[in-house]
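Colleague: I am new to this structure. Please take me through a few of its features, with the general idea before each case.

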Number of protein chains: 2
Amino acid sequence: MFHSVFTIAIILTVSVDCGRILVFPHDGSHWVNMNTLIKELHSKGHHVTVIRAADSWYIKEHSPHYNSITVDFAASGDEAFFKLFVSRQLQIRQEKCQFWTSFSLDMELKKRFSEMHRKICEMVVHIIENQKLISSIREAKNDVMLTDPANGGGVLLAHYLALPLVFNVRWTVHGEAHFSIAPSPLSYVPFPLALLTDRMTFFQRVYNMLFYIVRLFLYRRIVGAHYSALCNRYFGPDLDYFELFQAADIWLMRVDFVFEFPRPTMPNIVYIGCFQCKPPSPLPADLEAFVQSSGEHGVVIMSLGTLVGDLPPDIDNEIAAALAELPQKVIWRHTGKRPSTLGNNTMLVDWLPQNDLLGHSKTRAFVSHGGTNGILESIYHGIPIVGLPLVFDQHDNLSRMKYRGVATVLDVATIEKNVFLEALQHVINEPSYKINMLKLSKLERDKPIPPLDSAIFWIEFVMRHKGAGHLRTKSYKMSWYAYHSIDVIAFLLLVVLLTALLTFAVIRYICCRACMKKPFEQD
Amino acid sequence: MFHSVFTIAIILTVSVDCGRILVFPHDGSHWVNMNTLIKELHSKGHHVTVIRAADSWYIKEHSPHYNSITVDFAASGDEAFFKLFVSRQLQIRQEKCQFWTSFSLDMELKKRFSEMHRKICEMVVHIIENQKLISSIREAKNDVMLTDPANGGGVLLAHYLALPLVFNVRWTVHGEAHFSIAPSPLSYVPFPLALLTDRMTFFQRVYNMLFYIVRLFLYRRIVGAHYSALCNRYFGPDLDYFELFQAADIWLMRVDFVFEFPRPTMPNIVYIGCFQCKPPSPLPADLEAFVQSSGEHGVVIMSLGTLVGDLPPDIDNEIAAALAELPQKVIWRHTGKRPSTLGNNTMLVDWLPQNDLLGHSKTRAFVSHGGTNGILESIYHGIPIVGLPLVFDQHDNLSRMKYRGVATVLDVATIEKNVFLEALQHVINEPSYKINMLKLSKLERDKPIPPLDSAIFWIEFVMRHKGAGHLRTKSYKMSWYAYHSIDVIAFLLLVVLLTALLTFAVIRYICCRACMKKPFEQD
């Protein structure tokens, strides 16, 4: 094999209609992803309008990249509650509370989730019933609705406005997105949150199926019900919300197969995992100086995500004490009270340029809560992970990384200095973590086109062709028994049975005739 | 919406290892596709070695684009028989022969197919057992096996040589390629050759299932058996040919969803439909002069594929007489005796530059036998079709085009001048055919990267990463009952049943105790 460097220049001259995109986002960390797409769409010359609730946590009213429509309505849920939820979860795990305490907290969360979705439905009603507002949206002649179907507002509004629909999606009102649209054999497709892989034992497969059934029931009952009710109210009883949602033209899926296990997919699913990843920009001078001061040992980056700036003091102290004993320097995104055991090697920051730090040549490990964005950035830059999962899908995300040999995972609630220190040292010094992560990184970066370009291409595709019907099966309109060919199988079994019975009857008749004939012959 | 023209320049600088590619092609029209890939791979600097049988129909020993290994063995099947088969098929349809005659011809064809595959297996044995040959192939240190799994030789050889495997595929030893790897619900995925769409009535679904079962049985029994036997012989009884074949890293599928109905797919399936299509080159001077002489009426192109240069004289005469009455000029690929009814407007040619003619601005319609390549070229250039299907998948291909409103389909065996003329005039003059075809063409051309580049990218990807394991499910290694969760469902039903029985028994016991107690109390 001889080596060379090729430059593949793919020049597509396409007539793109610079169009109008209506965005119904999902608040919280999901907005970070949506905003990346919006900035790119804006840079391509498209006009973006974002619908936001008056009490939005993250979605700013004014932006150079979009116009906003602020709906005078409180619908973004309760940020304080989610923060409280995280700390209560930790407390329960720390105190090893009984199942019942944990379960009731989980139910409380689901109730709040349900409440949030109810409010989003009311916000949609608010928009539809406001003649002036809905007329102005209509008159804007948008070309496409771009939405994160973690809430169903965008789906309902798109149907009301007869707009083609593009999803920027990982989770939906009914759970993980693939399960709503692609065949997902539970024998080798682990349901997210079940902490399983694509190779399961018999009892893991049993667990996977039960887990799926329970989750599906909960999602439909607690969350989906609000949208179905609204759907019935505006579009009649013959149309279900689930159907509207399955009719989306393109699903921009925020994962890929460096993260996800291989599984069936659909022609209108486009994988844009790591679309927010990019080469690092230079760090601010003070941060760069701190990083450089780490010498050959390098630095460790620690961040527990948007929601969690600090942990209970006892946990913070165990963590800080462990970090203090590292020869590395540490940059820790920490907003609360300064831990008393903090070492001189550790810098606390309110906010950190995560992508730029993970892409720095001196970075040795990433202590992460396991949010999808952070994990994908870590993969992109080839940085092994020490996982401290807190809530939601974080345990499952990190279990996938552990399975791939690029992370160790600890229970943050019961963390001890020595255990954490050992885990850190192991991940930093045992070469297999780095080697495996670099392999994943190489796969992640090796795509025919960058995932962000792919996302923009497909949004523009839907605008150009007013949908993507040729990529979307309409099989969701079939009844469940027809979809699974149960009626056909039953029919064929019946035919076989009747044929067998008929054959048997004929043979019996012939035999009887033969038996009866004999006596006559003998006569 | 404001309009503008954007130039999307996607510049990927990738370090490509210019490598060594071993190709085990399938002879006949399939070679045309493989050769397109080979030429492109060669132009990228890769070294291509093609394995061919001594009696190959199409695969030349010497080429500027590849080296060849000629195996001194007759394995390419009987071209004369296939030509005879086509004419016999026509005769049967013309004479409206009985089912039995047609069936016996079909069985004869299957026998010949089986024979061809047996010979390919022998050719593989020939290679493996020839120490000098196999050593030289090994020593060449190829990076990947590229094969068309319409025969299984490449799959077996790749496993023997421990090479990663890339398929350039539409059909396999077991039928249509998707059915071997992607979940294919028979409720909305029509089995090719069944002449069905993705919206079926109940009885069409019954037919689809029966058709699938029969075809699968035939393929496995008549064709697959040879490969399984060879697999057992060289790799032991624990490894089935089907498993080897499902383990391919990338499936470059020679269709896309402008042609195919939307259906589940897999992450390692890459759609390269129309990869051979390209903007037209200028025509040879005489052909261009003939085309220009057509004036405003334009031209009709007619070709019945590689195998069929002419038809029985009576059919040829009906066709020629119809063409003679068109105001258009006609270019007809025709190699046999000149039809007596041929008009002055019709030019017969031994060979025609199909892509360049279909891409000519004066072309109005394409009279085609319905081979996949021709159909995709027709879609690419937006030319409506009059279909005259002969054998194999041609009826099914054309039925898809008819369903999309871009073709009419006639039975060539019983064709009459007036019917053919009417069909031609209808397709040329009824605007809906052209409008629908232009819509398909617009979709076909609107891809993030050209399909040929995509094919090359993924072949190189497999070379770079020595496979594409992260995109390929290993679920094919599961038993059928585990794959379909039948064991899990049975177990859960059993648990439910036992729980119900136990509950019933406990209630009965309590009731009995209560009943028995009363008499005592009364005592």
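Colleague: Where in chain B is B:F392 found?

Modeller: In a loop of chain B, the one between β16 and α13 (394–403). Helices (H or I, at least four residues) and strands (E, at least two) are DSSP runs, numbered from the N terminus. A word on the model itself: it is predicted, local features need pLDDT of at least 70, side-chain atom pairs count only at pLDDT 80 or more, and totals for chains, interfaces and linings use all residues. Residues are numbered from 1 along each chain as its sequence is written, chains are lettered from A and ligands numbered from 1 in the order in which they are written, and side-chain values use heavy atoms, with hydrogens and water left out.

Colleague: What is the phi of B:F392?

Modeller: Positive, about 50 degrees, although B:F392 is not a glycine. B:L193 is another non-glycine residue with a positive phi, near 85 degrees. B:L193 sits in the loop between α6 (178–181) and α7 (202–235) of chain B.

Colleague: Is B:F392 buried, exposed or partly exposed?

Modeller: Buried means under 20% relative accessible area, exposed over 50%, and partly exposed in between (1.4 Å probe, protein chains only). B:F392 has 37%, so it is partly exposed.

Colleague: Now the cysteines. How many disulfides does the structure hold?

Modeller: A disulfide is a covalent bond between the sulfur atoms of two cysteines. Here the test is a pair of cysteine sulfur atoms within 2.5 Å. Over all chains there are two. In chain A, A:C274 is joined to A:C277, S to S 2.3 Å. In chain B, the sulfur atoms of B:C274 and B:C277 are 2.4 Å apart and form a disulfide.

Colleague: Why is the disulfide of A:C274 and A:C277 called left-handed?

Modeller: Look at the torsion about the S-S bond. For A:C274 and A:C277 it is about -85 degrees, so this disulfide is left-handed. The link of B:C274 and B:C277 is left-handed too, with -85 degrees about its S-S bond. A:C274 is buried at 5% relative accessible area, and A:C277 is buried at 11%. B:C274 and B:C277 are buried as well.

Colleague: On to strands. Why is strand β15 of chain B described as largely enclosed?

Modeller: Count its buried residues. Strand β15(B) covers residues 363–368, and five of the six are buried, so the rest of the structure largely encloses it.

Colleague: Which strands pair with β15(B)?

Modeller: Two strands pair if DSSP finds at least two bridges between them. Strand β12 (residues 299–303) of chain B pairs with β15(B) in the parallel sense, over five bridges. Strand β16 (residues 385–387) of chain B also pairs with β15(B) in the parallel sense, over three bridges. Follow B:F366 in β15(B): it is the bridge partner of B:I301, and its partner in β16(B) is B:I385.

Colleague: What do β15(B), helix α12 and β16(B) make together?

Modeller: A right-handed β-α-β unit, with α12 of chain B spanning residues 372–381. Right-handed means that, with the strands pointing away from the viewer, the path from the first strand over the helix to the second runs clockwise.

Colleague: Last, a tyrosine. Where does B:Y66 lie?

Modeller: In the loop between β4 (47–53) and β5 (67–71) of chain B. B:Y66 is buried, at 6% relative accessibility.

Colleague: Which residues is B:Y66 in contact with?

Modeller: Contact means heavy atoms within 4.5 Å. Leaving aside neighbours within four places in sequence, the contacts of B:Y66 include B:W31, B:N35, B:I38 and B:K60. The B:Y66 side chain also reaches the backbone oxygen of B:K60 at 2.6 Å. B:W31, B:N35 and B:I38 are among the buried residues of α1(B).

Methods: A polar contact is a pair of N or O atoms within 3.5 Å; within protein, one must be able to donate a hydrogen and the other to accept it, and residues adjacent in sequence count only if both atoms are side-chain atoms.
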